[in-house]
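Student: Let us go through this model term by term. I want each label set against its definition.

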Amino acid sequence: MSELSLFFAQNVACDTTEEFVVSQRFKDKEGAAVAWKLRSMTEDENQECRKAATRKVKGKNGAYTPEIDPNDYMAKLMTSSVMHPDLKNAELQRSYSVLGAEALLRKMLLPGEFAALGERVQALNGFGTDMNELVDEVKN
């Protein structure tokens, strides 16, 4: 196998999935904490999250510049990585009286749990930096 063939699509590990216990509050019938199933995503999916979290902000002289809402971007990144539970499930959203996967995630989790999930999702997707550095990189 040549050196270049190591980079061929068929020779590269695909999406990475893992289980992660986000909270001890979600328990199965035996009382054990339920793990959530997370997956890595492609850069195309990441760009979709960035684009969806970007707004045009009116600046000096009436010029509009794109600005990323870091909280919205992180929530979109997280919901895109969560495979189970299905955050887009209407019944699950109804049980928390919310509409939308990001709103559901914010309602389901305590602040520390939300932050822990965010850190795990960032690591799973290859981000070795904190969120502020990530947002600065995205802006450039």
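Student: What pLDDT does the protein chain average?

Tutor: This is a predicted model, in which local features need pLDDT of at least 70, side-chain atom pairs count only at pLDDT 80 or more, and totals for chains, interfaces and linings use all residues. Residues are numbered from 1 along each chain as its sequence is written, and side-chain values use heavy atoms, with hydrogens and water left out. The protein chain averages 88, where pLDDT is the predictor's confidence in each residue, from 0 to 100. Of the residues, 86% score at least 70.

Student: Where is confidence lowest in the protein chain?

Tutor: In helix α6 (residues 131–139), with a mean of 56, whereas α3 has the highest, at 97. Where pLDDT is low, the predicted coordinates should not be read in detail.

Student: How many helices and strands are there?

Tutor: The protein chain has 6 helices and 5 strands. These are DSSP runs, numbered from the N terminus: H or I of at least four residues for helices, E of at least two for strands.

Student: Which residues of helix α4 are called buried?

Tutor: In α4 (residues 101–108) they are Ala 101, Glu 102, Leu 104, Leu 105 and Met 108. Buried means under 20% relative accessible area (1.4 Å probe, protein chains only).

Student: What puts them on the same side of α4?

Tutor: They cover an arc of only 160 degrees around the axis, so they lie on the same side of α4. The arc is that of the directions from the helix axis to the C-beta atoms.

Student: What covers the buried residues of α4?

Tutor: The cover includes β2 (36–39), α2 (70–81), α3 (90–95) and α5 (111–124).

Definitions and conventions
Buried < 20%, exposed > 50% of the residue type's maximum accessible area, 1.4 Å probe, protein only. Contact = heavy atoms within 4.5 Å.
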